[in-house]
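Let us walk through this structure step by step, starting from a single residue and widening the view from there.

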Amino acid sequence: MNKDITELVAADLVQLDATCQCAPDQADEGTAAILQAVIEALRNQQGVLVAHNRTLLEQNAELARARDHYRQLFEANPEPLWVMEGERFVEANPAACRVFGHADRAALLDARVDPAIAGPARLAALGEIQRVELEHAVGGALEGLAEVTLAPLPGDGRRLVLGSWRDVSLARSVERQLIASERQAREDNQRLRELMQGTHTGMWEWNLETDRLVVNPRWAEIIGRKDDLPANLTFDTWYERIHPEDRDHALLQIRRCCAGEIEQFRIELRVRHAEGHWLWTVERGRIVNWTAQRRPLRMAGTCQDITRHKQAEEQLKLAASVFTHASEGILITDANVRIVSVNRAFTRITGYAADEVIGCSPAVLRSGLHSPEFYAAIWQALRETGHWSGEIWNRHKDGHLYAELANISTVCNEQGQVENYVALFTDITAAKNHQQQLEYSANYDALTDLPNRLLLADRLHQAMARARRNGGRIAVAYIDLDGFKAVNDQHGHDVGDQLLVALAGRMKGLLRENDTLARLGGDEFVAVIVDMVRLQDCTQAIERLLRALADPVLIGERVLHVSASIGVTLYPADDVDADQLLRHADQAMYIAKQTGKNRYQLFDGQPARIAPEPERELELLRQALERNELRLHYQPRVNMRTGQVVGAEALLRWQHPERGLLLPGEFLGALQHHSLAAAIGHWVIDQVLCQIALWRSQGLQIPVSVNIAPRHLQQRDFIAALKALLRAHPSVEPAMLELELMESHALDDIDYVGEVMEACQQLGMRFALDDFGTGYTSLSYLRRLPADTLKLDHSLVQAMPSERDDLYMVEAVRGMAGAFRRRLVAEGVETEWQGEMLLALGCELAQGFAIARPMPAEALPGWAATWQPPANWQAWASHVLTAQTLPVLLATVEHSAWRDQLIAHLEGRDEHLPPIHYDDCRFAAWYRGEGRQRFASHPQFAVIGQLHERVHQLAACLVGSPLPPPAPQACDLRQFCQESQKLLDSLRSLAWSAA
């Protein structure tokens, strides 16, 4: 019996063990545990039976306990377990009853097996484990998914199948989610790659342990190494391509990121392209792997080429800087012509701040001077061409008008629709005023305010045209004062100028409104009397002029007497052009002067009857030419600012056998209208060309200017003779010879002179107008006379330091020379102060005694090698004329004139005493007014005020006039001049600071 029980338990044990081991890796964990427990229990029971050989009763009891234990384990297992035989359930635990929808085990054993399980169970009974997934429902509602495992269970010839049920709903749900997540991740990665490609982003990953750098193709494209990247990229591969100025910053950011100070970095740096140029990139990166000890393992990031962005950014910065700092005003409106932006220059020019005009119409600036048609034309041009430029007058915020040169442009979008209007404008008010001043200077005499030669020519042409239309007559009267030179010599130029002004006023008062009185220069005037009916009308008018000019003139306390010689020609009886009319009147005037003066002479159509020539003097000059008694001296011409010798002027001398060396004024007067002038002029040019060649061989190469007499220039073979002389001196370049002609002589026959100038320039020579600015100055004549150089008349230069009007005249001539691109040379510079004032005005080229007196040719090379400009002139090398320089110079002129007048009074040369109190002089008016407005903050300005008071205190002491203390107890003229010079020196320093 014991043997039977033992064998039975052993058989059960074998059967259970086989069932458990049929598929241990695929069985449900709960079921396997139950079966394993049963098997262990059976094994223990077997061991007990074998080991102790218990009695059958004990064995049965143990077996019963084991079976009960097995049953308890089977019943209590939460996993559904059942046993099938064929298509019937033969055993099931409560969990299996619940999942199959039966209340108890009996109900389940009576139920038919679900076909979805029955089929696989038959296969399992044959020895193959089957697994089936079933959707299970409770109450008709789908709850989840179950995995059914069917395994063969060996028995006593019966084909039993052990079944287990495991709910895999959650597992399958998680699995589906994982699959969906993986699919989404793949799609996201693909989109990210596409996005990276679309944004042209390079990607990289750097292994900090191996120093290997992995990059994508776009990264390689950025640095230009797409096709030839090295096999092993390292950090140094990238670092070596960084611009040296950007390396430290890049390395610092990477180190901070590796140290955990920052989560990620973004740096902009320059990287060298494979072709050698630099491009801008933006690098982003972060640590993506750390060790457990927070040591960085891998860094990843992106790289983008932002070169175009940086270039556009720089362009925007430049445009913004230009907009902000441009000297031109800029105004931008929207399509509805409402202001949207203005720059600083706009505020400076218009007076309106940006917040005052934003949103307003530009019409707020209108001056009211322009008609509606003017603005309509602007809009028409903008509609048709998108652009308008021109001059326009606008009104400043404070009410004053200003002129501007404006350019307005239309800005359209890609569809051609107007988006903005942009206006750029410059304040040209000062230029317009200067232009008006120049035009006035070009048309009117600065001393008398009478029309000059230019305006005279225009009015004479108009009068002649009107006479031709109406059949009227006009008279042209050429007026030259008798005895005026004696007044100048005896009383000085100031008194002579006052006399000219007084006589001009008298003559103008005697003529009608339609008549013209003009000053040609010096003491020469021309009157154009129009609409005459009878000859008697002309003679009566001329006689009134003669009487008025012969009447005494009171200048101060002086009574002056002069008279006039007048030459008259009548049109259309004298049917010639305007220039010839003036020439005929001039010839008649000479006859009047030669036949007694203080009279008039009508031109009779015959050749001018010139007084007999001084034959004796002309014969001596002819002999001097033949005997080689004529000499040439040369006066250097320099650049006062740089000290460079830029040329020389050839000046004629006569080595008279009895009278010694004679200057030109002592013998040239008789040559002006004589053919001998051409012979002497030819000799001078030949000698100059020889001298230029000799100097060149000695290492001195400077151009030389030669004065040309009118009679010489009028020779019809003048150009041919010049060509012959140039051929005779082939080593001399024609540009080294400059011909000078007096401005007044050039205007005698302007058309012919213009042709001669052009012919000379075609030969390579240059032409200069001498004595420029003495009353004939004309914009029209400058245009018609192609001179290369204008020589500022010495009288203007010498009067400039003490005469305000002469200073203005010099400034006007300088402006005209600049406008017409002519060189300006000042002649007659006799003092350092004159040269300094010329430099302050921007006139650098000069000649005169302050530089050098005329010298023999052999002395010039040595002088040129050693000459240096005065220190005060050299100081102007770093200064240029500004709008503030001229008022300071005018102030120096005012003080110089006051000082000279005081000295003249003290020496008995002038009866008039200038203002003594320091608040009464003209310099004080400048100091309190314009000077204080411009220079009040300048430290030198207060010193100037103290020196000015000191000079006036010394002046009061000199003339015995009391002044408020502290007045000097004693003084002398030397001390006064020293203090005055200190004041002028301080003004010079102030002018330098303004320049």
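**From one residue to the whole chain**

Q253 is part of helix α10, which covers residues 244-258. The model in which this residue is seen is a predicted one. Is Q253 buried or exposed? With a relative accessible area of 12%, Q253 counts as buried, because that value falls under the 20% cut-off for burial. If neighbours within four places in sequence are set aside, the residues in contact with Q253 are I262, F265 and I267.

The protein chain has 995 residues, and buried residues account for 45% of them. Its secondary structure consists of 36 helices and 32 strands. When contacts between residues at least 6 apart in sequence are considered, 60% of them join residues that are at least 24 apart. The accessible surface of the protein chain amounts to about 50,100 Å², and carbon and sulfur atoms supply 50% of that area.

The interior comes next. In soluble globular proteins, nonpolar side chains tend to be buried together. The largest nonpolar core in this model contains 82 residues, and the members that touch the most others are Y634, V688, L739 and L838. Helix α22, which spans residues 676-697, gives this core its largest share, namely 9 residues. Which residues does V688 touch, once those up to four places away in sequence are left out? They are L632, Y634, A650, V704, V706 and L737. Another core, made of 32 residues, lies apart from this one, and its members include A475, V487, V495 and V568.

Strands of a sheet pair through backbone hydrogen bonds, and they do so in either a parallel or an antiparallel way. Here, 5 strands form an open sheet in the order β12-β11-β15-β14-β13, and their pairing is antiparallel. At its edges are β12 (339-342) and β13 (387-395), each of which pairs on one side only. From one strand to the next, the twist averages 25°.

I332 has S341 in β12 as its bridge partner. Elsewhere on the sheet, helix α14, made of residues 372-385, lies across β13, β14 (401-412) and β15 (418-427), and the helix runs at about 155° to β13.

Conventions: Residues are numbered from 1 along each chain as its sequence is written. This is a predicted model: local features need pLDDT of at least 70, side-chain atom pairs count only at pLDDT 80 or more; totals for chains, interfaces and linings use all residues. Side-chain values use heavy atoms; hydrogens and water are left out. A nonpolar core is a set of buried Ala, Val, Leu, Ile, Met, Phe, Trp, Tyr and Cys residues joined through side-chain atoms within 4.5 Å. Buried means under 20% relative accessible area, exposed over 50%, partly exposed in between (1.4 Å probe, protein chains only). Helices (H or I, at least four residues) and strands (E, at least two) are DSSP runs, numbered from the N terminus. Contact means heavy atoms within 4.5 Å. Accessible areas come from the Shrake-Rupley method with a 1.4 Å probe; for residues, only the protein chains shown count as cover. Two strands pair if DSSP finds at least two bridges between them. Axes are lines fitted to C-alpha atoms, for helices over the stretch in contact, and angles run from 0 to 180 degrees between N-to-C directions.
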